[in-house]
Amino acid sequence: FSGISSHPREHLSSTGDHHRLDIMVREKDVCWEYCEKLEGNKVRCKFCLKVLNGGISRLKHHLSRLPSKGVHPCSKVRDDVTDRVKIIIASKEQGKESASSKKQRIALENNKSSSNANPNAAQLSMVAAAKPNLLAGIETAAASLLPVSSKVFGSGVVVPQVLGSAGGTVYDRENVERSIALFFFENKLDFSVARSSSYQVMMDAVAKCGAGGGGGGYGFRGPSCDDLKTNWLERVKGEVMGQSREIMKEWGTTGCTIIADTWTDNKTRVIINFLVSSPAGTFFHRTVDASTYFKNTKYLGDLFDSVIQDFGVENVVQVVMDNHLNYVGVKNHIMQSYSSIFCTPCASHCLNSILEDFSQIDWVNQCILQAQSISKYIYNHSWVLNLMKRFTGGQELVRTSITKSTSDFLSLQSMLKQRSRLKHMFSSPEYSTDPSYANNPQSISCIAILEDNDFWRTVEECVAVSEPILKVIREIAGGKPAVGFIYESVTRAKDSIRTYYIMDENKCKTFLDILDRRWQNQLHSPLHAAAAFLNPSIQYNPDVKFLGLIKEEFLKVLEKLLPTPELRHDITSQIFVFKKSQGLFGCNLAREARNTVAPGLWWEQYGDSAPGLQRVAVRILSQVCSASTFERNWSTFQQIHSEKRNKLDKETLADLIYINYNLKLASRMKINPTDIDPILVDDIDMTSDWVEETEITPTPSQWLDRFGVLESNDLNPRYQDIFNLA
């Protein structure tokens with residue numbers, strides 16, 4: 001275009017000139033390779049063959065899959081093409097912004113000299129200059145949500161970036177909408193919220209905040225109810241399923257555990273949730289209403305067969321389930337049908353049953369009731385509750401956990417910790433000079449209990465005997481591959497109780513009998529023994545005395561996993577090499593990592609001197625042994641299986657629950673285990689026996705939004721979520 005003026009079209013006097021310009025522009029725009037030019041201003045997409053009016057510009061929005069009025073996203077375009085087109089669009093917007101910024105600067109300079117004569121003109125110029133930056137403010141504010149997307153879906157999310165005039169990073173509309181959709185899905189928000197007037201008001205407020213508080217704005221509109229329910233639901237579901245497929249790639253080495261999470265509601269309906277767990281991650285698979293065949297072993301066997309087949313028999317190491325799911329019948333079916341798969345009960349459920357048995361001992365139960373009378377009085381009088389928090393430095397007295405029995409003993413621990421502060425509060429002048437509280441019969445009773453040394457001795461005893469069990473629950477909670485530790489942990493718990501009651505043989509026997517009965521009849525599995533034998537932190541620990549007791553079970557597990565002589569070739573010498581710490585097992589790195597690296601990973605890194613045993617060890621030691629601390633939303637699952645919902649509603653709700661559950665699992669897996677107590681719930685259960693004064697008969701569904709696989713009399717009552725899908 002050399003020699004052409006600033007208005008080149010003035011020099012194109014003929015049709016041929018226009019044609020040559022059109023060819024030059026088309027050659028310059030790389031997006032023409034993705035379409036076929038038709039008559040007029042029409043183009044045909046080469047991916048989906050859709051004909052578009054509006055030329056190359058509309059094609060770009062079609063291929064980018066960015067929301068654009070009147071342009072439908074391409075359903076068949078490759079991801080690399082979409083990413084390339086997004087960058088092209090973003091670069092074009094950057095050029096527009098730069099030109100706009102230049103005009104603003106010139107306008108401000110031209111008006112600067114006249115600002116003294118006409119102050120209003122200067123103010124109008126400032127407003128005009130600020131207006132184009134509002135869109136950047138909207139996107140910058142919304143971009144604060146983007147880490148949610150990148151955390152959940154990894155680094156594969158491509159985010160085109162544009163540098164605005166102020167140097168800030170602006171993110172494209174699609175990623176902002178994705179972040180908003182994730183917010184809806186992760187928090188189970190009703191889609192109809194997007195129809196409310198306050199929804200758009202919120203978007204406008206975020207836009208203004210991002211623009212530095214200026215007025216006006218470009219009116220960013222969040223995704224509509226229909227967009228959330230259809231487009232975004234389907235897209236995010238696809239992304240979550242992609243993450244599941246990434247996890248499954250590791251199963252060839254580590255294997256996986258199928259978890260059957262069961263709940264019976266107050267209508268005797270039985271709901272089973274299936275999850276799959278491995279060191280690479282845990283994901284929710286599906287939910288099933290098993291009410292009609294809950295006690296029918298054949299039908300349950302067929303159900304478990306179908307789930308096992310979903311993931312491949314060769315990948316499944318064990319199935320973990322609740323004792324109440326016709327456990328014996330299903331276990332026998334699985335063990336007979338699949339020679340290489342183990343069936344074990346949920347360890348956390350069995351340990352909670354042990355605590356429940358502890359709490360039924362008369363003197364323990366009496367101690368819990370006395371402690372609850374104190375907490376009820378405090379939590380049902382707001383002035384007393386506020387005063388208590390002043391004395392405890394804002395700490396709560398009541399602790400809520402995964403089950404009623406666990407909450408009882410954690411709350412006793414908390415009360416023991418706050419013993420001196422509670423006594424100081426009730427004897428303080430601020431409390432004792434207020435007759436409305438000091439002379440209250442409940443208050444007098446609480447003071448009497450707090451001054452009773454026998455009560456505190458009993459609290460100390462309850463805490464001492466329950467803490468070893470609580471410690472085991474913590475060690476196996478949160479989806480960690482803890483199967484290699486459960487045997488040793490239970491053994492340590494027994495030793496702790498035995499040491500505490502060294503001078504009281506009768507009490508020692510009472511508690512150990514409860515623990516042994518649950519361990520032998522429910523919890524213990526040959527897989528636990530084999531995992532302990534293969535765990536380097538146990539095998540090479542000279543203080544461990546039970547290795548001889550579990551050797552026979554270890555060998556039986558080997559026979560099950562290596563059923564033919566060919567597979568067992570040289571296995572005896574490999575066991576010897578492992579036990580004697582020869583080869584790589586004895587190198588300095590392996591020795592130093594015995595107690596610091598997860599057992600499965602340790603075998604993967606240092607087990608090459610025993611390759612046949614290595615493969616078995618990695619698969620065994622990579623498994624979980626508990627299900628009770630995974631995220632649950634039982635009231636929502638209950639809605640899926642409601643007969644009142646039509647097929648479309650059920651499908652949409654099922655997709656939403658699949659996304660919600662897996663987002664929560666992914667989020668939980670990213671939390672540093674040292675930052676949280678895996679058995680403690682943040683919110684206090686205000687309907688528990690530690691708070692609620694009124695005698696109530698809790699329904700099972702009140703405590704099921706978080707937890708399950710529990711007996712109805714061991715459930716903490718909680719309010720059920722209200723979850724209505726628009």
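The legends below accompany close-up views of a predicted model.

Residues are numbered from 1 along each chain as its sequence is written. In this predicted model, local features need pLDDT of at least 70 and side-chain atom pairs count only at pLDDT 80 or more, while totals for chains, interfaces and linings use all residues; side-chain values use heavy atoms, with hydrogens and water left out.

**View 1. Confidence along the chain.** The mean pLDDT (the predictor's confidence in each residue, from 0 to 100) is 79, and 74% of the residues reach 70 or more. Residues 1-27 have pLDDT below 50, and this stretch makes 14 contacts (heavy atoms within 4.5 Å) beyond near neighbours in sequence. Residues 696-726 also stay under 50, with 115 contacts beyond four places in sequence.

View 2. Helices (H or I, at least four residues) and strands (E, at least two) are DSSP runs, numbered from the N terminus. Among the buried residues of H9 are Trp232, Val236 and Ile247; buried means under 20% relative accessible area, exposed over 50%, partly exposed in between (1.4 Å probe, protein chains only).

**View 3. Serine 278 in strand E7.** Serine 278 belongs to E7, residues 270-278, and at 5% relative accessibility it counts as buried. Beyond four places in sequence, its contacts include Ile247, Trp251 and Ser622.

**View 4. Two aromatic pairs.** Rings of Phe, Tyr and Trp (its six-membered ring) pair if their centres lie within 6.5 Å; planes under 30 degrees apart are stacked, over 60 edge-to-face and the rest tilted. The whole structure holds 30 such pairs. Phenylalanine 284 and tyrosine 658 have centres 6.5 Å apart and planes at 50 degrees, so they are tilted. Phenylalanine 284 is in strand E8 and tyrosine 658 in helix H32, so the pair ties together parts 374 residues apart in sequence.
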